[in-house]
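User: I would like to go through the labels attached to this model and see what each of them rests on. Please set each value against its cut-off before concluding.

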Amino acid sequence: MLLKSMDSEFLIAIQVVKVVFSYGLPLCKCFQKYDIDLKEAIQLAECNVSMLEDLRQNIEKEFKLMYKEAEKMADFLDINISIKRISKKQANRANIFSEDKTIQPETYYRITIAIPYIDSFINNLKERFLVHKHILKGFQCIFSGNIDFQEFEELVNFYLDTDVQTVIAELKIWHSKLNITNKHPTIAIDALRLCDSSIFPNLHQLLKILCTLPVSTSTPERTFSCLKRLKTYLRNTMNEVKINSYFSYLGLV
């Protein structure tokens with residue numbers, strides 16, 4: 001049954017997904033961490049987008065390798081890679097019409113499968129992560145010595161109920177301290193560890209906000225997965241207090 005469902009389009013799609021997901025694997029692993037922050041996630045997403053855009057620009061060369069792997073799989077499964085019927089009036093699937101009708105399978109599947117999927121993957125990464133870069137513009141002043149006072153003032157006015165000049169003074173002293181100690185944190189968790197709440201109370205508060213900005217839903221998803229294992233059919237009448245006790249005992253809360 002599985003072999004009957006395999007065709008040329010399926011084999012090509014497997015190879016394309018394999019390559020694209022290999023680029024997304026580090027980002028996926030990063031999202032499973034408990035201490036990831038928004039800044040680190042966006043930096044890694046930018047790297048992924050950059051690599052995928054390079055892949056997209058060199059798609060002819062890269063797809064040749066994918067196509068060869070698909071051919072090996074097709075030979076093993078005794079499947080002939082071919083193009084589906086092409087018609088000028090076809091509207092329900094990808095339909096690349098060539099006047100001389102000499103389009104090759106490699107070209108056909110590169111245009112109909114590889115390019116659309118890679119473009120979609122890049123756009124999804126940009127919409128999910130890179131559109132949030134404007135949130136980091138004000139926070140970036142804490143990490144970079146090039147301070148944009150207007151953006152930092154907007155950040156302070158949005159999150160803190162205190163005098164802006166006081167926070168700016170803290171920020172300048174903070175950067176001076178980092179230069180003296182030669183410590184330049186790149187992620188929010190490291191900066192929070194270095195920031196003394198008694199000396200820099202406002203910056204410490206901003207860093208705590210940055211650390212708690214949500215990046216992914218992996219942690220609550222783990223909680224629900226554990227809940228399914230605890231509250232089985234036989235324990236269906238277990239009340240909330242006992243469930244919380246189980247979670248506390250297992251160190252899940």
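Analyst: A contact here means heavy atoms within 4.5 Å, and this is a predicted model. In that sense Phe152, Leu155 and Tyr159 in α7 meet Leu203, Leu206 and Ile209 in α10. By class, the residues of this contact divide into 6 nonpolar, no polar and no charged.

User: Why are α7 and α10 called roughly perpendicular to each other?

Analyst: Helix α7 (residues 149–159) and helix α10 (residues 201–212) pack at an angle of about 80°, with their axes 11 Å apart. Angles of 65 to 115 degrees count as roughly perpendicular, and α7 and α10 are therefore given that description.

User: What makes His204 buried or exposed?

Analyst: Buried means under 20% relative accessible area, and His204, with a relative accessible area of 16%, is therefore buried. His204 lies in helix α10, where the buried residues also include Asn202, Leu203 and Leu206. Leaving aside its neighbours within four places in sequence, His204 is in contact with Leu192, Cys195 and Ser197.

User: Turning to the rings, what makes the pair of Tyr108 and Tyr109 edge-to-face?

Analyst: The structure holds 7 aromatic pairs. In the pair of Tyr108 and Tyr109, the ring centres are 5.0 Å apart and the planes stand at 80°; rings pair if their centres lie within 6.5 Å, and planes over 60 degrees apart count as edge-to-face, so the pair is edge-to-face. Tyr108 is buried, with a relative accessible area of 4%, and Tyr109 counts as buried at 2%.

User: Why is the pair of Tyr117 and Phe121 called tilted?

Analyst: The rings of Tyr117 and Phe121 have centres 6.3 Å apart and planes at 40°, whereas stacked requires under 30 degrees and edge-to-face over 60, so this pair is tilted. Being 4 residues apart in helix α5 (residues 105–128), Tyr117 and Phe121 are separated by about one helical turn. Ring pairs link Phe21, Tyr117 and Phe121 into a cluster.

User: How do you know that Tyr117 is partly exposed and Phe121 buried?

Analyst: The buried class lies under 20% and the exposed class over 50%, with partly exposed in between. Tyr117, at 27%, is therefore partly exposed, while Phe121, at 19%, is buried.

Definitions and conventions. Residues numbered from 1 in each chain as written. Predicted model: local features only at pLDDT ≥ 70, side-chain atom pairs only at ≥ 80, totals over all residues. Heavy atoms only, no water. Axes fitted to C-alpha atoms, helices over the stretch in contact; angles between N-to-C directions. Helix = DSSP H or I, 4+ residues; strand = E, 2+ residues; numbered from the N terminus. Parallel < 35°, antiparallel > 145°, perpendicular 65-115°, else oblique. Nonpolar A, V, L, I, M, F, W, Y, C, P; charged D, E, K, R; others polar. Phe/Tyr/Trp six-rings, centres within 6.5 Å; stacked < 30°, edge-to-face > 60°. Buried < 20%, exposed > 50% of the residue type's maximum accessible area, 1.4 Å probe, protein only.
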